[in-house]
Amino acid sequence: MNSLVPPLMMPEMMPDMDTARPTPSEAEAAVRTLIRFAGDDPSREGLADTPARVVRAYAEWFGGYQLDPIALLSRTFGESGGYDEPVELRNIPVHSVCEHHMAPIQGLAHVAYIPTDRVVGISKLARVVDACARRLQIQERLTDDIASAIDKALKPRGVAVVIEADHACMTSRGVSAAGTRMVTRRMLGLFGADAALRREFLSSLTLTSER
Ligand SMILES: [Zn+2]
């Protein structure tokens with residue numbers, strides 16, 4: 001599977017994209033074009049400031065491109081008292097954008113790792129989810145990106161990532177399958193090798209789709 005997944009794009013890997021990056025006013029012009037394409041008038045009062053707002057919102061929605069998820073995990077703590085059981089962080093909000101339709105993907109991530117000898121600040125796991133999510137993504141690659149970043153940065157004995165998410169491109173159009181959730185998972189190290197450990201982690205999660 002991994003060989004088919006393109007590597008996570010880091011800021012330093014995109015030198016050409018940086019020079020080719022449109023200016024904010026070019027991006028605003030593109031938003032005005034889309035408003036006209038939708039059938040509305042970008043000059044009417046309610047829409048006058050919309051292009052500038054959309055461009056500012058893009059900085060947040062796509063802020064992940066400015067972040068290196070592995071670097072976010074560089075500060076670790078050795079005084080973990082020999083703790084070598086799984087560390088789990090559940091219900092991390094996921095805000096991403098589907099790369100096929102540029103529609104929102106909203107959901108929750110559940111992350112666990114088994115430390116080798118060092119642990120990471122728990123909020124950092126949530127930041128890694130955010131850094132990987134705030135890009136154009138598909139849920140399968142997002143799941144893998146998060147697991148790989150934790151694996152590379154912490155070299156833990158195991159990593160488990162489960163994501164459950166709604167895809168607006170599906171729930172708001174086409175078959176309009178409101179309420180459908182996609183669930184993906186990536187299990188590395190002991191979580192992949194040890195079926196009992198994996199079962200324990202998965203059964204500890206009450207997926208919201210099953211609530
Ligand atoms: Zn889509």
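Visitor: Let me start with two helices, H5 and H6: in which hand does H5 pass H6 in their crossing?
Guide: The crossing of H5 past H6 is right-handed. Keep in mind as we go that this is a predicted model.

Visitor: And at what angle do H5 and H6 pack?
Guide: The angle is about 135 degrees, and the axes are 9 Å apart. That makes H5 oblique to H6. H5 covers residues 122-133 and H6 covers residues 139-154.

Visitor: Which residues make the contact?
Guide: From H5 you have Val128, Val129, Cys132 and Ala133. H6 brings Leu142, Asp145, Ile146, Ala149 and Ile150.

Visitor: In which sense do S2 and S3 pair, parallel or antiparallel?
Guide: S2 (residues 87-98) and S3 (residues 104-114) are antiparallel, with nine bridges.

Visitor: What actually holds strands together in a sheet?
Guide: In general, strands of a sheet pair through backbone hydrogen bonds, in a parallel or an antiparallel way.

Visitor: How many bridges does S3 have with S6?
Guide: There are 10 bridges between S3 and S6, again in the antiparallel sense. Ile114, for example, stands opposite Gly158 in S6. On to the next pair: S6 and S7 are antiparallel too, over eight bridges, and Ala165 has Met182 in S7 as its bridge partner.

Visitor: How many residues of S6 are buried?
Guide: 10 of its 10 residues are buried, so S6 is largely enclosed by the rest of the structure. Gly158, Ala160, Val162, Glu164 and Asp166 point one way from the strand, while Val159, Val161, Ile163, Ala165 and His167 point the other way.

Visitor: What about the whole chain, what share of it is buried?
Guide: Buried residues account for 28% of the 211 residues. As for secondary structure, the chain has nine helices and seven strands.

Visitor: Is Met102 buried or exposed?
Guide: Exposed: it has 11 other C-beta atoms within 10 Å, and a residue with 12 or fewer counts as exposed.

Visitor: And what is the phi of Lys155?
Guide: Lys155 is not a glycine either, and its phi is positive at about 45 degrees. Lys155 sits in the loop between H6 and S6 (158-167). With 14 C-beta neighbours inside 10 Å, Lys155 is partly exposed.

Visitor: Back to helices. At what angle do H2 and H3 pack?
Guide: H2 (residues 24-38) and H3 (residues 50-61) pack at about 120 degrees, with their axes 8 Å apart. The two are therefore oblique to each other, and H2 passes H3 in a right-handed crossing.

Visitor: Which residues touch there?
Guide: On H2 they are Pro24, Ala27, Glu28, Val31, Arg32 and Ile35; on H3 they are Thr50, Pro51, Ala52, Val54 and Val55. These divide into eight nonpolar, one polar and two charged.

Visitor: Last one: where is Gly81, and how far is its C-alpha from that of Arg118?
Guide: Gly81 is in the loop between S1 (76-77) and S2. Its C-alpha is separated by 9.7 Å from that of Arg118, and the two residues are 37 apart along the chain. Gly81 counts as exposed, with 6 C-beta neighbours inside 10 Å.

Definitions and conventions
Residues numbered from 1 in each chain as written. Predicted model: local features only at pLDDT ≥ 70, side-chain atom pairs only at ≥ 80, totals over all residues. Pairing = 2+ DSSP bridges. Helix = DSSP H or I, 4+ residues; strand = E, 2+ residues; numbered from the N terminus. Axes fitted to C-alpha atoms, helices over the stretch in contact; angles between N-to-C directions. Parallel < 35°, antiparallel > 145°, perpendicular 65-115°, else oblique. Left-handed = near helix turned anticlockwise from the far one by under 90°. Contact = placed C-beta atoms within 7 Å. Buried ≥ 20, exposed ≤ 12 C-beta atoms within 10 Å, placed from the backbone. Nonpolar A, V, L, I, M, F, W, Y, C, P; charged D, E, K, R; others polar.
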